[in-house]
Amino acid sequence: MSPTVQATGRAAPAGQRPPFPYVGGVNRLERLINLVAALLQTERPLTADELRERVPGYAGEKVAFRRAFERDKETLRDLGVPIVVEPVPGTDPPIDGYRVPKEDYYLPDPGLADDELAALHLAATAVRLDVGSGVEALWKLGGEVAEAGPAPTTAVAALPGTDHLVPLFGAISARRPVAFTYRGRQRSLDPHRLSFRNGHWYLAAHDRAAGEERSYRLDRIESAVEAGEAGTAAPPAAGPASATPSPWELGGEEPVTARLLVDAGQAGWAEGHVGPSAVAERRPDGSVVLEVRVTNRDAFRSFVLGFLDHAEVLGPPELRADVTRWLEDLCPS
């Protein structure tokens, strides 16, 4: 087969390299799958030369093989495959070998009941992620349920994906610290959770340089996510700081402390929503003044609008003016 034909059988555009070129009759995608299988099945680390012999699709020339093998390792690690490098037993001097530990690769059985698997199946088919399919993940949890009943032909919701979701999810699961460039600065973080709010993905993490919990919008990350050693990230702090942040806290804007006056009729609900620690003042008429940290003004405006005429932004002045302009634009005279 011509090297200009993609794995799908369609010709690649002129001058463009196909994503999975064929080498010796094997395309790169097939080679990557075979490489993972070899690294999983081995009982001891395999040297690079042993992998060249066992995995079809590598060039016979040693320099070309090394280049292809290094690219393949990098690709698999970017996909979350835990390739480890260990000395091959019985070699003197020691020779590095490679393997994938089964305990780090396979998803542990969470012991889900049939009804729990069915609920996961419904969620996976009703919500589509642009970066992968939830149904494939269900195969690791008991894939029969995916065929147990009709699935919606159209997703109820489609969540935008991002290249950073997979490495960040893996870092959170393995408690790995992460580093990346955000708004022109290098950040070193202990990641805690991922959230989807107002059409965007956010990472809640402890910023080591700032010494506090902060949120980062994933589509504003300006570099690859680099993960550190497993088990070395600090866990979330105990208490209110570890709770899921409110939407107006999930943003990268300059933080301000908003003061919001809520009428007596809505005060109870407001206090229950933001927590009693946010109540800065209780007035004789039953109204309350809330103080909340805002880094996402769009989400805060939506929160205020939910009270209709039962709430008033008291300050700071620039935030009050921003909300006033927004309301005037909504209701032009």
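Me: Which residue does the side chain of Arg 208 meet in a salt bridge?
Reply: This is a predicted model: local features need pLDDT of at least 70 and side-chain atom pairs 80 or more, while totals for chains, interfaces and linings use all residues. Numbering runs from 1 along each chain's sequence, and side-chain values use heavy atoms, leaving out hydrogens and water. A salt bridge takes a Lys or Arg side-chain nitrogen within 4 Å of an Asp or Glu carboxyl oxygen. Here N and O sit 2.7 Å apart, and the partner of Arg 208 is Asp 190.

Me: How many residues apart in sequence are the parts that this pair ties together?
Reply: Arg 208 lies in the loop between strands E9 (200-207) and E10 (212-217). Asp 190 belongs to strand E8 (residues 185-197), so the parts tied together are apart in sequence by 18 residues.

Me: Which residues do salt bridges with shared partners join into one network?
Reply: The structure holds 19 salt bridges. Those that share partners link up Arg 259, Glu 281, Arg 283 and Glu 291.

Me: How far apart are the closest N and O atoms of Arg 52 and Asp 49?
Reply: Both residues lie in helix H2 (residues 48-54), three residues apart, about one turn. Arg 52 is partly exposed at 24%, and Asp 49 is partly exposed at 35%. Their salt bridge has its closest N and O atoms apart by 3.6 Å.

Methods: Helices (H or I, at least four residues) and strands (E, at least two) are DSSP runs, numbered from the N terminus. Buried means under 20% relative accessible area, exposed over 50%, partly exposed in between (1.4 Å probe, protein chains only).
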